[in-house]
Amino acid sequence: MLFDSNNIIFLDNLVKRIIKQNFESFAYFYSYLRYRIFILVVLSIFVGILDGFGLMMFLPLLQLVDGSSSVDSESLGNLQFLVTFMENNGISLTLLTVLSTMAFFFLAKGVIQYLSGIYKVNVQEWFIRNLRIRNIVGLNNIGYKYFVVSDVGRIQNTLTGEIDRVAGAYFNYTRAFESFILVVVYMAFAFYGDAQFAMIVSIGGILTNYLYKSLYKRTKEYSRGLTRENNQFQSLIIQNVGNYKYLKATGSLEKYAEKLKLAVLKIRNSQRKIGQLDAMLTAGREPLLVIIVVIAIYIQTYFLGAELAPILMSLFFFYRALNSLIQMQLRWNKFLGVSGSLENMLRFETEMRENKEISGKEPVKEVVDKIRLEGVWFYYGDTPVLKNVTLQINKHETIAFVGESGSGKTTLVNIVAGLLPASRGGILLIAWEVIG
């Protein structure tokens, strides 16, 4: 068979791998949202279509207001289909019917936008709640060995400040995605109305996009740096609080405070650079695109002799598309500004899954009479901490471990307590049944 089960599984894994490699952020949000993403897409498409139908009524309205007794549908070019549909169904195009139709489409658009806004708020709250819960559960299920060698500041920052930044990443990513859908819808209307004019403007838009690529790259780099600096700052704060007594006794508080101030300055510097790039994008995008539209209109009318009515109709859609494009670019840059936090969250969740504690299938129900360690070795990375330890501890027996700092006393106690697994060797729990 051409498509047997193995081929289907292969294609499914291939698609997943392509999405993960090229649309990692989308794949991450999809892992939480699933079908909800497509509901957001459908709502955005409806908003764009209803808005487009409403805009299409402007030219008939202008003709009627200008004193024409009827609407010249031929002047609308390819966009005459809505007017033709109304005429074929016995709806005469008077000022009242045109205004009523326009009002209907924009009212319907407003209703869909309201429902979409409510749905987006609910989905965002659901995403943040599940993000927090998944990370709390993941943290409480990691192995103790991974925990003791982890950066505590990073863990705290990821579970607190980074959650809010990832929520911001989700908000800006979905808004950028929504704006992209609207750009596609409006551009489809524009190309259908006047493909030549639409092509000229599109080429100009693509060329201006290359001007901003370096800005996007720099924003992403600053975002990654900001995440690292926040992690380091959290680590310094934890050490400051945990070692306050030592710092106070040794007169080191002032010196340590300088390190904290330096970390704060680094964070502020990264935030300022991201803000400057965002301001540059905000200020420059619309003027450039308006200049492109002006040039395109001049070329169409002066050199190519095109009629103005279809151009004006396409211009309506381009104006909407350009506004959506500006919003998409701004939201995308804001997303890049917190994308470092999203990358950090992705790595953190992956590390928690890879270092999840493995528990036995059979619980110990009997009273343990003896704990025996036989030839136990323990490593942190490639460094051996315990070497070939054999030990037996009886019930109600007290044993003291004596040795210099770093000799492995705490590690040995953690192994006995079941917090750390032995790298090599065996740990036996011996229980005696009491027969009455």
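**A tour of a strand sheet and a helix pair**

Select strand β1 (residues 368-380) and β3 in this predicted model: seven bridges join these antiparallel strands. Strands (E, at least two residues) and helices (H or I, at least four) are DSSP runs, numbered from the N terminus. Residues are numbered from 1 along each chain as its sequence is written. Because the model is predicted, local features need pLDDT of at least 70, and side-chain atom pairs count only at pLDDT 80 or more.

Next, select lysine 370, whose bridge partner in β3 is isoleucine 430.

Now display the open sheet, whose three strands have the order β2-β1-β3 with antiparallel pairing. Two strands pair if DSSP finds at least two bridges between them. At the edges stand β2 (383-394) and β3 (424-431), each with a single partner strand, so one side of each has no neighbour in the sheet. From one strand to the next, the twist averages 10 degrees.

Angles run from 0 to 180 degrees between N-to-C directions, and axes are lines fitted to C-alpha atoms, for helices over the stretch in contact.

Finally, select helix α2 (residues 24-33) and helix α3 (residues 36-56), which pack at about 105 degrees with axes 8 Å apart. They are therefore roughly perpendicular (65 to 115 degrees). Phe26, Phe29, Tyr30, Tyr32 and Leu33 of α2 meet Arg36, Ile37 and Phe38 of α3 in this contact.

How values were computed. Side-chain values use heavy atoms; hydrogens and water are left out. Angles under 35 degrees count as roughly parallel, over 145 as roughly antiparallel, 65 to 115 as roughly perpendicular and the rest as oblique. Contact means heavy atoms within 4.5 Å.
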